[in-house]
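Some notes on helix packing and voids follow. Please read them with the model open.

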Amino acid sequence: MNDTFMKEKPVFGLVLSMSLPMVLSMMVNALYNIVDSYFVARISEDAMTALSLVYPVQNLISATAIGFGVGINAVIAFFLGAGDKKKANQAATMGMFWSLVQGLTLSIVCILIMPKFLTLFTDDATVIDYAIRYSRIAFLFGMIISSGLSFEKTFQAVGRMKVSMLSMMAGCISNIVLDPILIFGLGPFPAMGIEGAALATGAGQVITLVIYIIIYMVKPIPVKICISGVSFKGGISRRLYSIGIPAILNMALPSLLISALNGILAEFSQSYVLVLGAYYKLQTFLYLTSSGIVQGIRPLIGYNYGAREYDRVHRIYRTALGMSLVVMLVGTVLCLSIPGSLIGIFTSSAETVVIGKTALRIISGGFIISAVSVTSCGALEGLNMGFPSLLISMLRYILIIIPAAFLLSRILGANGVWHAFWVTEWITAGVAWLIYKKKTSWEK
């Protein structure tokens, strides 16, 4: 494929063609998250609570893989835009190498820390048992997750978005199909309970990786991954991590946030912890969809930045922002109109549904404006500006929301935590807009 289309095609059609496959695959991924939780909730409310407590650590593994993948994507796209395919090949190879190392390390560490981690939030032996049984299986797939995401970002960097869509959708759909089969025992399969949910997730990730490998071997892409390309010279690893580390932290910050909020909400009731977990499953429909848009523009911005097409960079940003605003508007309408039905997916407790309805209505006040910070972070990463993106995420996930949630919970009770979400989004959006404008002053 001739990669010069990234700087030649009309911007709107280009952004749409690059983003739509990722948006579709992300929506399926979001559906998997909800379906997975739905079936686990059918085991018991304790099982759903356990899943909510495991989620931050599980998210850390994915966040590290995705965040480092952002570095792979941005560096490959930059070198392709600059016409240096040798360095693009080196970036793809070293990206895969470090992804495998990180995946193995995280699997071991997360399995070891899980028992102690859980006791920070609950002393319920049943919840802890469910969480450990789930996490021990799910965390074994760390290397599979990391290598699959390395392939994903490499394919995206060269504009092969449909391959990413196919691979991710196949994995997610497999997971959705396997969930009831392995959890409840259908046909020849025994009922495995919560371990079945973990195994179904892992199987889906394996299928995604296998499809990437087959397509890579059958239909070559403009960059190559090969063992002979593993080299610690030339500064490629440093460049990958200079973008990857901020992006990893960007993606991992929600894990810290959820853990902190779980600690605050646990003081009131386990039902609030369940609602927070349910909210993060539901909001994946919004933020993963917006993430699909961002993933579509990231290589476009990186390529055009490397080619010094600065005006196109900004037009791509504005187009993506408009698309994200539409997504967030839809989410706001749903959370205001049918909050009870949404929370009812995860629990049959009338008390928990009432708590969840209130939570969704309050939190949704920040959805639309959050499109600014989400799009700005992705654009800055595409520009190889990882640390400004990290600053925005730190404001959004740590520096504002955690103190606000703590203080407001002391004034308004547990509902104060929900108010902290929209307060944070409005403040962060203003800062994100100012940072983006300052960092792109070269367009003038």
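1. The bend at a residue is the angle between axes fitted to the seven residues ending there and the seven starting there. Helices are DSSP runs (H or I, at least four residues), numbered from the N terminus. Helix 15 has a kink of about 30°, centred on S393.

2. On provenance: this is a predicted model, in which local features need pLDDT of at least 70, side-chain atom pairs count only at pLDDT 80 or more, and totals for chains, interfaces and linings use all residues. Residues are numbered from 1 along each chain as its sequence is written, and side-chain values use heavy atoms, with hydrogens and water left out.

3. How enclosed is helix 15? It is largely enclosed by the rest of the structure, because 10 of its 14 residues are buried. Buried means under 20% relative accessible area, exposed over 50%, partly exposed in between (1.4 Å probe, protein chains only). Contact means heavy atoms within 4.5 Å.

4. Helix 16 (residues 401-412) buries I401, I402, A404, A405 and S409. They cover an arc of only 155° around the axis, so they lie on the same side of helix 16. The arc is that of the directions from the helix axis to the C-beta atoms. Their cover includes helix 8 (236-266), helix 15 (386-399) and helix 17 (415-439). The face turned away from the buried side carries L407 and I411, both exposed. G413 follows helix 16, with a positive phi near 80°.

5. The largest pocket has a volume of about 310 Å³. Of its 17 lining residues, L282, F285, L286, G331 and L334 are the closest to its centre. Helix 11 gives the largest share of the lining, 6 residues. By class, the lining has 14 nonpolar, 3 polar and no charged residues. A pocket is an open set of points on a 1 Å grid over the protein atoms alone, with protein on both sides within 12 Å along at least five of seven lines; a cavity is a set where a 1.4 Å probe fits but cannot get out; lining residues have an atom within 4 Å of a point.

6. The whole structure holds 2 cavities of 30 Å³ or more. Helix 17 supplies the largest share, 3 residues.

Notes:
Helix = DSSP H or I, 4+ residues; strand = E, 2+ residues; numbered from the N terminus. Points joined across faces, edges and corners; volume = space filled by probe spheres on them. Nonpolar A, V, L, I, M, F, W, Y, C, P; charged D, E, K, R; others polar.
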